[in-house]
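The tour moves from the whole chain to a single bridge.

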Amino acid sequence: MVRLTVLGSCGAWPEPGRACSGFLVRHEDFRLVLDLGYGTVSRLLEHCPDGAVDAVVITHAHPDHCADLTALGRIHHYEGHGKLPLYSPPDVLDVVRAAEPEPAPEQVYDHHDLAATTSVGPFTVRTWRLPHHVPNWGVRLSLPGVTVAYTGDSGPSADLAELGADADLYIMESTLQGPSPENRPRYVETAAEAATWAARARAKRLLLTHFWPGSDRKRSAAEAAEVFDGEILLAEEGLTVTV
């Protein structure tokens, strides 16, 4: 059994009372965090009071997905938890170094290139490079009988069907609403596009997230429901889903 808790659900910047992209994934005693955007660490500490998580996976270097990595790194460093195991694209370390060069990231994080990662704790890991403004990796976490897939941020891509194939829970960014934009290349998706790929993947449940601030989230759910027949969930801070 896997329990996934939403730490933040906004894209770009957080709405009042919310946070940006972040999820806590728990299996037995193992605690893994997927992304740490603005405002997520204070919410993480509600569930992990000491901040001593077992691993962090960051999909890409945009601050709405990684800004609070420095906060969690400070906890691990100054509270004596040891180096924080970090799986990310290499440029995430550049963001950390620019924000806080001392102590050096090498002293704070035990870094692994996400693209080359095949396992994290009990999870088998597969990754896909997905279209975005910076290198972004979709992540598929699997245990025997359980699969959770997460896009990070992504424009439309055939790889989304493979990433989420038969997933028990597919977490998909759904930044936009309404008709698909005509501009190319595309680096984020509409709710309907996310649902279309989830349907092609035959995912069992779809969790929409990364909402543009101020969006009517019920509209996103309605647009997704036009093309996806499975259960649709809207990411809300504090929501916990059992998979």
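**From the whole chain to one bridge**

Select the protein chain and display its surface: the accessible area is about 9800 Å², and 51% of this belongs to carbon and sulfur atoms (Shrake-Rupley method, 1.4 Å probe). This is a predicted model, in which local features need pLDDT of at least 70 and side-chain atom pairs count only at pLDDT 80 or more, while totals for chains, interfaces and linings use all residues. Residues are numbered from 1 along each chain as its sequence is written, and side-chain values use heavy atoms, with hydrogens and water left out.

Colour next by burial: 57% of the 243 residues of the protein chain count as buried (under 20% relative accessible area, 1.4 Å probe, protein chains only).

Switch to a cartoon, where the protein chain shows eight helices and 14 strands (DSSP runs: H or I of at least four residues for helices, E of at least two for strands). The radius of gyration of the protein chain is 17 Å, close to the 18 Å of the globule rule for 243 residues, so the chain is as compact as a globular protein of that length (C-alpha atoms; 2.2 Å times the number of residues to the power 0.38).

Now select the open sheet of seven strands, ordered S7-S8-S9-S10-S11-S12-S13 with mixed pairing (strands pair if DSSP finds at least two bridges between them). Strands S7 (119-120) and S13 (231-234) stand at the edges with a single partner strand each, so one side of each lacks a neighbour in the sheet.

Which strand pairs with S8 (residues 123-130) over seven bridges? It is S9 (residues 136-143), in the antiparallel sense. Finally, select Leu 130, whose bridge partner in S9 is Asn 136.

Definitions and conventions:
Buried means under 20% relative accessible area, exposed over 50%, partly exposed in between (1.4 Å probe, protein chains only).
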